[in-house]
Amino acid sequence: MSTGELLSIEPIELKFPFELKKQISCSLQLSNKTDDYVAFKVKTTNPKKYCVRPNTGVVLPRSTCDIIVTMQAQKEAPSDMQCKDKFLLQSVKVNDGVTAKDITAEMFNKEAGHIVEECKLRVLYVSPPQPPSPVPEGSEEGSSPRGSVSDNGNANGAEFATAIKASTERIETQDKSVEARALISKLTEEKNNAIQQNNKLHQELVRD
């Protein structure tokens, strides 16, 4: 990060994952830590190669602005993957209420007495991200103790234990429900038998 009196710039190196015949973008963030309106302008040593949006603008007090730098598709790879291109970001304090439409080249003219803050940015080519390597046969997850270990293995274990406990509780609840229904059925049957026996005894007493 480059911290000036007007703007903080992150990052100060533009890193492009270089690939042939492919348009590549990276971003910059400008942070205005002051209570003033700050206008900015982005220049490059190779304007045909890059597209900067926005290349001029105003960062409001205590706010940020994102800039997208796009490198056009390249037909040839540079030798040793080295890049000599550079960017220059100029910033100057402006009057409150100024918008991007109000920005002029004169605002960044040092000879006219304007205090212009400048920050140079380098361009770096980096290797593009590699696709994940295919998993060889026979090494599926769970085939070895190491294969199932992950950064959140403890969390997975806890979730598994919770699921087992919940399943066990459901089974126990179901078992208890079955036992309760069986007990009720048994009591009902015994009650009916008792009633029948009482009725039978009553009939015998009446006959006697």
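This dialogue covers the backbone of a predicted model, with a look at peptide bonds and phi angles.

Student: Which residues does the cis peptide bond with omega of about -5° join?

Tutor: That bond joins Glu10 and Pro11. Pro11 sits in the loop that runs between β2 (7-10) and β3 (13-17).

Student: Where is Pro54, and what kind of peptide bond joins Arg53 to Pro54?

Tutor: Pro54 belongs to the loop between β6 (50-53) and β7 (56-59). The bond between Arg53 and Pro54 is cis, with omega of about -10°.

Student: Now phi. What is the value at Lys21, and where does Lys21 lie?

Tutor: Phi at Lys21 is positive, about 55°, although Lys21 is not a glycine. The residue is in the loop between β3 and β4 (24-32).

Student: Is Lys21 buried or exposed?

Tutor: Its relative accessible area is 68%. The cut-off for exposed is over 50%, so Lys21 counts as exposed.

Student: What is the phi of Arg62, and in which loop is Arg62 placed?

Tutor: Arg62, not a glycine either, has a positive phi of about 55°. Look for Arg62 in the loop between β7 and β8 (64-71).

Student: And is Arg62 buried or exposed?

Tutor: Arg62 is exposed, because its relative accessible area is 56% and the cut-off is over 50%.

Key: Residues are numbered from 1 along each chain as its sequence is written. This is a predicted model: local features need pLDDT of at least 70, side-chain atom pairs count only at pLDDT 80 or more; totals for chains, interfaces and linings use all residues. Side-chain values use heavy atoms; hydrogens and water are left out. Helices (H or I, at least four residues) and strands (E, at least two) are DSSP runs, numbered from the N terminus. Buried means under 20% relative accessible area, exposed over 50%, partly exposed in between (1.4 Å probe, protein chains only).
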